[in-house]
Amino acid sequence: MNKLILLTICTLVSGAIASQEWKPQQWPVLKNYDQDHLYQIALPLGGIGTGTVSLGGRGELRDWEIMNVPAKKYSTVTTGNNAPFFAIYAKPQNQEATTTLLAGPLYPQEYLHYEGRPVNHHGLPRFAQASFDAAYPFGQVHLSDKDLPVKVTIKGFNPLIPGDAEASGLPVAVLSYEVTNTTSQPMEIAICGSMRNFIGKDGSKFRTDWKGDYIPTGVKDNKNKYVENNGIKGIYLYSDGVDKNDPAWGTVALTTQATSGVSYRTSSKADNWNNGILNFWDDFSADGMLTEQNKQEDEDPMASLSVKKTVKPQSTETFTFYITWNFPNRKAWSSTVVGNYYSRQYTDAWKAAETIIPQIPGLEKKTLSFVNALLNTSYPDVVKEAALFNLATLRSQTVFRLPSGHMMGWEGVMDRFGSCAGSCTHVWNYETATPYLFGELAKTMRDVEFNYATKENGLMNFRASLPLNEANKGNSAAADGQMGCIMKIYREWQLSGDNDFLKNNWGQIKKVLSYAWTEKGWDGNQDGVMEGSQHNTMDVNYFGPNPQMGFWYMGALKAAEKMAIAMKDKGFAQKCRTLFEQGSNWMDKNLFNGEYYEHKITDPETFEYLDMNNPNVKIPSFQLGPGCLVDQLVGQYMSHLCGLGYLGNKDHIQITMNSIMKYNYVSDFSRHFNNMRSYVMGNESGLLMASWPKGRLEVPFPYFAEVMTGFEYCAAVGMIYEGMEKEALTCIRSIRDRHDGAKRNPFSEPECGHHYARSMASWSAIIALSDFQYSGIDKSMKITARPGNYFWSNGYSWGTIDVSDKDITIEVISGSLQLKSLTVGNEKEMRLKHFDLKEGDKQVIKR
């Protein structure tokens, strides 16, 4: 049965569940951020492809990105006291009441503003102390103040369950406020959420005021309505005036399951001279209850929902709120509306609330199972942090789903628009979170690449246009992107165990690989060596053989050979084998310089090799040449993950990884010159994109002096596979130290934009450290022989593997697992009988 239909049925038959006010369980903590490391924290709350609103490190709601566009630093207004917020009313028995914004203190850099409006909620009283605990997708803000009679923990999450894209793609932000009465007297406590009806105002439309400031516009005849249904109470925000075809048109709901103490306002007095917030503050501060206004006076009326309880001395009560939304008119990089998958599941935000909220207890339990399973493993904490926190990218505006269910992605997102359209193949080549956690979504990406973005001659446009029937527009092929997609479709076939998936795509796979053999193509003379003009992820064309393209090509040939054998296509398999052997041997003989693989530059017109030492020879601009490239072994990285083995001489690969660490790792960038973008500065450390131990080219490829996390993870994982775990952890730790909450957001590693897709290569460290490999075709699994507890996932099921000197214990936490064989380290493969585990099963295998 369709999971969404099941959810709807469950909603209809579980009114009793809906009427019970839920409160969260105890949540795990992987990383703590103190008050000095909160400024940049923004944990996205939202599902895959739904957009998000972020929970800030001090408790504020920021970056309202639910309306189909990126919106960093956007809070539905410019700056002021009208941005959405939650506040607390606290009145100890026989004492004065206090009303306080549920957020921590301001930072010094937030004080200066020419008109006294430096930051959202600048005029509202705040808590003096704040800290943040995280184990994504769980975020917890802790607020306290010696002058206040309460302590508060704000808990925010959205369900994230591997293998279940439906449950991980819900348009909801769950916010629970756990309030502790620190006094010896009973206390009246009220928590209130307020937001103006910002439908239509996504920041893309604006006017200038008399000061020249940009003022967001777009609202028109917006309305708020209080609703009670199926045990859910709250305010439904909609619009009668915004164009229903506008990407900013939609609906929002602010709701609670509280059974008593609920009060509300669907509007405030007219907001002349900020009188609306004054009117609200006076009303709420009087007794913690809200008084409905007689009429609506603003086109963006302020909705407020309050829950009031009496809290016993030294006791804690929980106040939970839900924000749901539905904005169906996504355009993404298309000029026409392509729509949203999630919007097909709900008619509006209120229906989303009624469907989702009753499921939250079960979805929280499953999400906790995933996070706790990973946190209780033997991986270093910094590896868990890098892998887990970068999953936020899947839920950011970087990713969306078409109504057909296809997952699409920008490379990343700028503050107000997407960065680099088209599910760019060469960028998305690096990440492994999607295939290993959401296999079906990964298969939809392969479907776009091979069956929509590929032309009849095998040219795969590395950026897919939208709508999908226009995906193959253009003639832009990337050598690394195209070869990497062949390795990825092999991976998806293996992980899924779906032979029909291979059969249905085999013709396209052959066509895509054969494109490399076209006349004057990447390997036009079919000798196994890429020597033509090779567009690649450095946004330039390399001329001549180089390790970055070469090893992608070797990996594609090896993957294609295995797929050809499965398809009983002996001739194609033999051709792939021959080209692989020729190309691999040639690269080891001609590109390996004793320390690493380098680039032999050829003339763009004649394909003749250029003498780099001849001063009279003109070298093309933007090349690598004799440089040591950070990801020169990216094809080998993917080959290890796919279980395809070594693509070149093993000793050369190991030496190269040592050279990358030797020449590219910089422990202090204070004296480093960089003419381009800086993602590492000052005394921070990281892996340079390239170094030139023997002398730099005059004009290297553009990003040579930069540091970007996706490339760093790729190199670090390569080091793990070559036995350099200490060096790998040094690199990963350098990345996460830079994203410390004070300088950068721990839930967004930027490259060309926030939430950059390549950063999800961090998940590969989980796979590499456990040496995990899985084939759903052969029903086989491999795991490291090193004792420890490891997390495993194949995109469809997941669990843990405990390795000891005597036995192996495999647990299936979600999904099912059939195995015919298990290999532990370099030990002999063990044949298994009757190994068919269902969810919750555990089996011990003697070594």
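## The sheet

Let's start with an open sheet of five strands, which follow the order E6-E5-E11-E18-E17 with antiparallel pairing. Strands here are DSSP runs of E with at least two residues, helices are runs of H or I with at least four, and both are numbered from the N terminus. Two strands pair if DSSP finds at least two bridges between them. At the edges sit E6 (98-101) and E17 (262-265), each pairing on one side only. From one strand to the next, the twist averages 20 degrees.

This is a predicted model: local features need pLDDT of at least 70 and side-chain atom pairs pLDDT 80 or more, while totals for chains, interfaces and linings use all residues. Residues are numbered from 1 along each chain as its sequence is written, and side-chain values use heavy atoms, without hydrogens and water.

## Inside the sheet

Antiparallel strands E11 (residues 187-196) and E18 (residues 302-311) are joined by 10 bridges.

## A helix pair

Helices H16 (residues 709-721) and H17 (residues 725-738) pack with axes 7 Å apart, at an angle of about 160 degrees. Axes are lines fitted to C-alpha atoms, for helices over the stretch in contact, and angles run from 0 to 180 degrees between N-to-C directions. H16 and H17 are therefore roughly antiparallel, a term for angles over 145 degrees.

Where they meet (heavy atoms within 4.5 Å), the H16 residues include Tyr713 and Met719, and those of H17 include Cys731 and Ile735.

How values were computed. Parallel < 35°, antiparallel > 145°, perpendicular 65-115°, else oblique.
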